[in-house]
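Hello,

Here is the structure I promised to pass on. Please open it first, then read the notes below.

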Amino acid sequence: MAYSEQEILAGLAEIVSEETGLPADSVSTEKSFTDDLDIDSLSMMTIVTLAEEKFSVRIPDDEVKNLATVGDAVSYINGAQS
Amino acid sequence: MRDVVVTGLGATTPLGGDVASTWQAVLAGTSGARPLDPAWVETYQLPVTFAATLAVPAADVLPRPEIKRMDPSAQYAIVATREAWAHAGAPDVEPERLGAVVSSGIGGIWTTLEGWDTLREKGARRVLPMTVPMLMPNSPAAYVELELGARAGAHALVSACASGAEAIGYAAEMIRSGRADVVVAGGTEAAIHPMPIASFAASRTLSTRNDDPQGASRPYDTERDGFVLGEGAGIVVLESAEHAAARGATVHGRIAGIGLSSDGYHMTSPEPSGRGQIAAMRSALADAEVAASEVVHVNAHATSTVVGDLIEARSIREVLGADADHVRLSATKSMTGHLLGGAGALETIFTILALRERTAPPTINVTSPDPELVLDLVRDNPRELPHGPIAAINNSFGFGGHNVALVVTSA
């Protein structure tokens with residue numbers, strides 16, 4: 001079952017909210033993980049690990065550095081769904 | 001050598017979510033023992049069906065992201081640290097002069113076992129990156145260090161059930177030697193998990209009084225049959241006397257003497273003659289320059305085991321001689337259960353409060369005192385301690401033969 005972009009954003013926002021304590025509705029597509037959400041590399045890998053499980057996708061380490069914004073991550077996960 | 005004073009106290013325990021509620025429950029003679037999750041008991045066929053769990057779960061106090069990135073042992077330490085630091089008036093201290101010494105006897109056992117479960121069930125890609133930073137035994141010390149921005153050193157001394165007292169002793173030495181002006185110190189434990197319960201039960205050290213959890217921890221009673229596993233944390237803010245005086249801080253007591261020894265005898269059994277315990281108490285008194293006649297109170301390690309309680313009582317008598325007659329002995333594990341690495345720190349807090357409030361806390365559940373107990377045990381109700389300068393000993397002993405005695409004196 002494929003998730004819609006909206007569902008991916010909602011699920012990712014929930015993961016980011018749990019990790020950072022920020023309200024889920026503040027995790028919008030244009031937000032930068034590092035600059036806006038203050039997520040360090042360790043937290044980013046936690047989010048990646050949890051997102052891989054939630055959406056049944058694989059996010060290779062080489063791709064993580066390209067995921068600057070929440071929108072980048074939503075697009076990548078959407079495209080990676082089988 | 002610089003004097004070490006106590007300017008802040010913090011705790012989260014089976015009796016309360018802070019020091020005030022815990023102390024009130026202690027004076028009222030309350031037991032913190034509760035039934036375990038029945039699903040655990042049934043699934044794992046646990047021979048012990050109760051423990052002294054936290055009165056106020058950490059998840060009720062800490063924000064969700066902190067709960068997720070800390071093992072429960074670190075969560076409890078942070079809860080207690082925030083209380084202690086605020087109680088001390090959030091001392092203004094150079095980061096280079098501020099230290100953290102926080103111990104756990106068992107370490108991040110919940111995180112360790114959950115990480116292993118995840119690996120086995122879901123594979124390596126599902127193991128979270130924070131697993132190791134959360135399970136490492138220095139994690140509570142590190143979180144306290146990060147919380148306060150301490151730069152004089154962060155340490156996690158491990159000596160099983162003596163860990164919390166050893167942490168306070170080490171912290172006091174940091175101040176005495178001039179390495180730091182303020183050190184946040186104590187112990188924490190979060191090991192109420194089926195695996196350690198199974199192991200402790202297998203070693204026959206836990207009480208199996210399943211039909212009466214609140215009556216199970218009964219140090220010095222003839223019917224005692226083992227300890228009650230507890231959890232929680234106790235944290236103190238230690239400060240050089242000069243630093244505390246300069247900022248006008250309230251002093252609650254003094255860590256006056258530190259005595260350490262090891263039995264060199266057995267992994268889990270205390271050495272029968274008590275020579276190691278005696279050595280620790282004697283060196284703590286000598287270190288404090290306190291005479292036996294000045295000691296009015298002892299907070300015993302007394303875990304409610306058949307063998308251990310009496311060895312300690314005889315050791316106290318040996319050290320204090322006839323002066324032991326005017327000592328009020330308290331075994332507060334009768335109420336809190338055994339916090340393992342948190343015990344020595346929580347009981348140091350009780351000892352400080354006993355001297356400050358001139359009140360020796362009660363020992364509950366002693367309906368039939370062991371006839372071999374050669375000391376004046378405070379039973380059921382608190383008892384008054386004398387006025388004027390007074391001293392007390394807090395004993396902590398751990399698996400491995402670790403013995404720690406701290407001499408606390410009144411402010």
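What follows is a short tour of the contact between the chains, the cores and one annotated span.

Please keep in mind that this is a predicted model.

The contact first. Chain A brings 10 residues to it and chain B brings 9 residues. On the side of chain A that touches chain B, helix H1 (5-20) and helix H2 (41-55) of chain A each supply at least two residues. H2(A) gives the most to that side, with 6 residues. By type, the residues on this side of chain A are 2 nonpolar, 4 polar and 4 charged.

Now the cores. The largest nonpolar core has 131 residues. Those with the most contacts inside it are B:Ala171, B:Val183, B:Val236 and B:Leu238. Helix H14 (residues 343-357) of chain B provides the largest share of this core, 9 residues. The core lies between domain 1 (4-246) and domain 2 (256-409) of chain B, because both give residues to it.

Look at B:Val236 in particular. Setting aside its neighbours within four places in sequence, B:Val236 is in contact with residues including B:Val6, B:Leu9, B:Ile168, B:Ala185, B:Ala345 and B:Ile349.

Another core, of 21 residues, lies apart from the largest one. Among its residues are A:Ile8, A:Ala13, A:Ile15 and A:Ala51.

Last, the annotation. An unreviewed UniProt entry lists residues 6-81 of chain A as "domain: Carrier". In the model, this span is 59% helix and 0% strand. The end C-alpha atoms of residues 6-81 of chain A lie 14 Å apart.

Best wishes

Conventions. Residues numbered from 1 in each chain as written. Chains lettered and ligands numbered in written order. Predicted model: local features only at pLDDT ≥ 70, side-chain atom pairs only at ≥ 80, totals over all residues. Contact = placed C-beta atoms within 7 Å. Helix = DSSP H or I, 4+ residues; strand = E, 2+ residues; numbered from the N terminus. Nonpolar A, V, L, I, M, F, W, Y, C, P; charged D, E, K, R; others polar. Core = buried A, V, L, I, M, F, W, Y, C linked by C-beta atoms within 7 Å. Buried ≥ 20, exposed ≤ 12 C-beta atoms within 10 Å, placed from the backbone. Domains from an automatic or database assignment. UniProt positions renumbered as here; feature names shortened; annotations may be inferred.
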